[in-house]
Amino acid sequence: MGISLTRFAQWTTASSSTGKLEFTPMNESLLKEILHFVEHFSSQHPQEAEHVFEEPLQWSTILVASDFKTDYNISDSDVQSHEKDSEGHPLLQLSPPTVYVRSFSQLSKLLHLADDKKLAEVRACLEENREPMVKILGRSIASALERETLADVVSLADKMKEEGPAKDSEVKVKLFLLFQNVDKQIVDKLLKEISEPDMLNCKAVKNEVELFKLFCSKGDEGLLKSLQYTSDFEFSNGCRAPPWRQVKGEICYLVAEPCDTETLYITCSTDGLFLNGGIKQDGEENGYERTSDTYKDLATLLMSRSPHFAENINKEHLAFPLCWQHSTFQELSAKKEKTVHEQIQVLLYKISHRRTYEPSPRWRNLGILTTCGKTEENKTRKSSEVEKKSLTQGTKSKMKAELSASSSPGQQSFQKLKTSAGVLPVDLFSESSTESDEEEEQPYRHPETATDLPSEYWQIQKLVKYLKEGDQTATVLTLCAMMDFNLMQESCQLAIQDTGGLKILLNLLDTDKDKCKTGSLKILRKISHNSQIRQTIVDMGGVQTIVKILDSPVKDLKALAAETIANVAKFRRARRDVRLNDGINKLVKLLDCLPNLANLTASQEKDVEVACCGALALWSCSRSTKNKEAIRKAGGIPLLGRMLKSPLQKMLIPVVGTLQECASEESYRTDIQTLGMIKDLVRNLRSDNDELQMHCASAIFKCAEDKQTRDLVRKYQGLQPLVSLLHKAHNKQLLAAATGAIWKCSISQENVTKFQEYKALEILVSLLTDQPEEVLVNVVGALGEFAQIPANKTAIRKFQGIKPLISLLTSPNQALLVNVTKAVGACATDKDNMVIIDQLDGIRLLWSLLKNPSADVQSSAAWALCACIENAEDAGETARSLIGGFQLLVKMLSSTNKEVLASICAVICKIAKDDANLAILTDYGVVPLLAKLTNTTDDRLRRHLADAIAECCCWGNNRALFVEAGAVAPFVRYLKSKDGFVQRSTAMALYQLSRDPNNCITMHETGVVKPLIHMMGSTAEEVQEAAAACVRNIRLLFMANRNAELFT
């Protein structure tokens, strides 16, 4: 990592040790590579991960004490790891806001705890530790790493062996080789990214400069006063920068004179554009230094520096349907006074694509047309043929205009969109957007001829013309006339859009006439159910305008605006716009009403109506994670809790809908529980409204992960209403929510007992067939919890539930497979159930699931196999009859998932009880693979690994092979575990290993005797016997050696 950091990291202040890493694509790639390496370091290199750094890495972290879990000592806001170095310093210490880390194992754990903040932690660590290799390996080895010379390191290691322990020097050499290898991989990958074709090139820069020169004029009429190159000489490769700067990726230098700010000196490079120190002409070396952030294109840079440029590029709405067949560069030049963003986009396209093509109907049918009739460039080219087609048909610019049918038959018209400079700081000229992948898919609109269009289409077009030309009175009357039409009909909605009515309606919201605003919002509220219109409203900056109305003193306007937002915020970009324009805070304020009064005044009724619409809008917005957090910070949870007590169903449905949507976040689940909302959710389960019942059940389903919530549902008698909902099998959404809530509630055995009283088990078994997968996942999950009680295992067999469970083992749904295998495993502990499972070929089906790509399915199937093998009549013969089964088991010991490894070790332990099976496993090389896993720190894996090793010791010379593979020494650490099961399993394994005399010597050398003597005082007889027998074997060997010395 030293070389890659030195060569490729881009700092804000190159000459200062306090510089920050810039937010550039190169740095992002570098940080992600380093994050991936550190995250997986502990699992891939467990020995090296325990190496203690020469100096601790320290930085200001965003983690707090509550983020840390069981492996740490937590005192108020301070945190210390249990693991310490030889001097007693904790390997991880948090003294807010500073964290100190002394090993890769702790560094890896910290990154896992950081969750979605991992990249920020890596960035902060590197910024505050500019020479991390020096702190990790020491100055001398870090210097050798920079020189890439292994000989220097080896000589240093030899020198260190003379001065200190050899093991430490060997680890440092291994770390050196690891870092050297990782450095090469990162450097190769970054070099490959640099050479990718999506970097800026000379042609793209030249096209953009030519374009903006057209819009330069003296005074305030143009976008810029002037834009010039610093050099008129152009090299053969298209660059204007001197050769010694071209090697750094620089293309040319510009001098831009905005209308409202000082002159800008700009460097154009393959990484982007940035301001320099003031290059007025070539040869001034001191001017090349970067003095700003990097921008993706010239337009974005100028918009960030010149308010005049940003305002005028979006100021006017230009009505120019440029035809792809006859638009020329000269025609575009003649229209330079039209300074809208849509024209800029088309101009850029026309400059770079002189040859044009008429879009074919097939492209439209495939839904791959951009808004100006061209296909978007396919970013993931699967073959050279696809790439060639994309280059001839594609355009890299995202056009924000709407393709729609013209009012005249047989033609296509382009409806222009209004944009606002103040809407969002979006990169308007970017080829891609972080939001674009989340957009709703534009439904294909079939072309309509004049005979296809209903009369309402033409009547609405006439009304839109009146809107454009009439005064205030005419506008209000026209709006009233438009509302007489069925605006939920698609032809009426598109008639408004096709004739530019959408822009007029949004403009009316900026007036100070409440009647015009009311009429406009009533129309927008209805037509915004159309997905095309929703996206057009967002593209035109309509969300910002609608959000402003939420501050209006007129309650009707606030209600209409909130309801319109509820319709528009159906896709991610719209929800983001609401949040960024402070819409969440404003919507939360609308919830402050008095919903539970018996007799409401007219004003209070209006408040309730506004609150209902506000809750409806929050429901739509809450589908985004960031919006959920924004609602919580705005104080929305207590207000939603107060509204939940209302008897009004029109209020309860959006409130409960918002709560169940937000309940996916742990902070919301805690608040729902502590603020007493569970009682209200249970109360509303008894409602006669199916939709309300569904949302209440969904909320309980998400909240019931917590035991206290499950107890509260039982306390408020919510279990019986959930069972009664199972009778509404015709409503699949309600059924899925109810079965989900029953599944999560049945995790508590006290609830299972109550469910048995309400005859829930029989109903659940009957739902195992002819149900959608979302219902089956929940039903089977519930049966898996029910089957933890022995009596219910018999009941499932009695109600004919075993056969449908086994048939579900062939499902492709991974979530369903996880639950099915758990349920089958629980049922298999009953001997009679196991007979049926065996007859239905259940063991073979479970074994086949070990090949499933999902680690969760693999581990769940393995645990089920353990139960089946243990309770089958002839499990050993059954296992041997599965062709390739043993090879698959041994192969899975190379998995990186600890839960998979633990479950496979448990299966091996069960199978190895049969000598023939153990012999086969040994031949397939199970011993070295098990030994390789002994360095793990996961107690669950340790327990089952020790059990597997204990069983495998019973064949041939496996005991000696385990010692040769280094499996004995790590067991000393196992004995220090606080998990009693780990201690028991380890004692049994050590006893088996101690039956080989050579192993006793190794055990004695690794210090296993003292903890074994301590374990001899255990309350478990099995542990006592194993520990005592192991110590006895070691002692007998010692006595034999002593006698041999005395008599020789």
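The legends below describe several close-up views of one predicted model. In this predicted model, local features need pLDDT of at least 70 and side-chain atom pairs count only at pLDDT 80 or more, while totals for chains, interfaces and linings use all residues. Residues are numbered from 1 along each chain as its sequence is written, and side-chain values use heavy atoms, with hydrogens and water left out.

**View 1. The largest nonpolar core and the surroundings of L850.**
The largest nonpolar core holds 217 residues, where such a core is a set of buried Ala, Val, Leu, Ile, Met, Phe, Trp, Tyr and Cys residues joined through side-chain atoms within 4.5 Å, and buried means under 20% relative accessible area, exposed over 50% and partly exposed in between, for a 1.4 Å probe and protein chains only. Helix α29 (residues 602-621) gives the largest share of this core, ten residues; helices (H or I, at least four residues) and strands (E, at least two) are DSSP runs, numbered from the N terminus. The residues with the most contacts inside the core are L587, W847, L850, L930 and F962. When neighbours within four places in sequence are left aside, L850 is in contact (heavy atoms within 4.5 Å) with Q858, A861, A862, L865, L888, L889, M892 and I904. In soluble globular proteins, nonpolar side chains tend to be buried together.

Strand β5 (residues 98-103) runs antiparallel to β1 and is joined to it by five bridges; W59 has V99 as its bridge partner in β5.

**View 3**
R714 forms a salt bridge with D711, and their closest N and O atoms are 3.3 Å apart; the term covers a side-chain nitrogen of Lys or Arg within 4 Å of a carboxyl oxygen of Asp or Glu. Because R714 and D711 are three residues apart in helix α36 (residues 707-715), about one helical turn separates them. R714 is partly exposed at 24% relative accessibility, and D711 is partly exposed at 21%.

R797 in helix α42 (residues 790-798) and D830 in the loop between α44 (814-827) and α45 (831-839) are 33 residues apart, so the pair links distant parts of the chain. Their side chains meet in a salt bridge at 3.1 Å, N to O. R797 is partly exposed, with a relative accessible area of 23%, whereas D830 counts as buried at 16%. The side chains of D832 and R797 also meet in a salt bridge, at 3.8 Å, N to O, and D832, in helix α45, lies 35 residues from R797.

How values were computed: Pairing = 2+ DSSP bridges.
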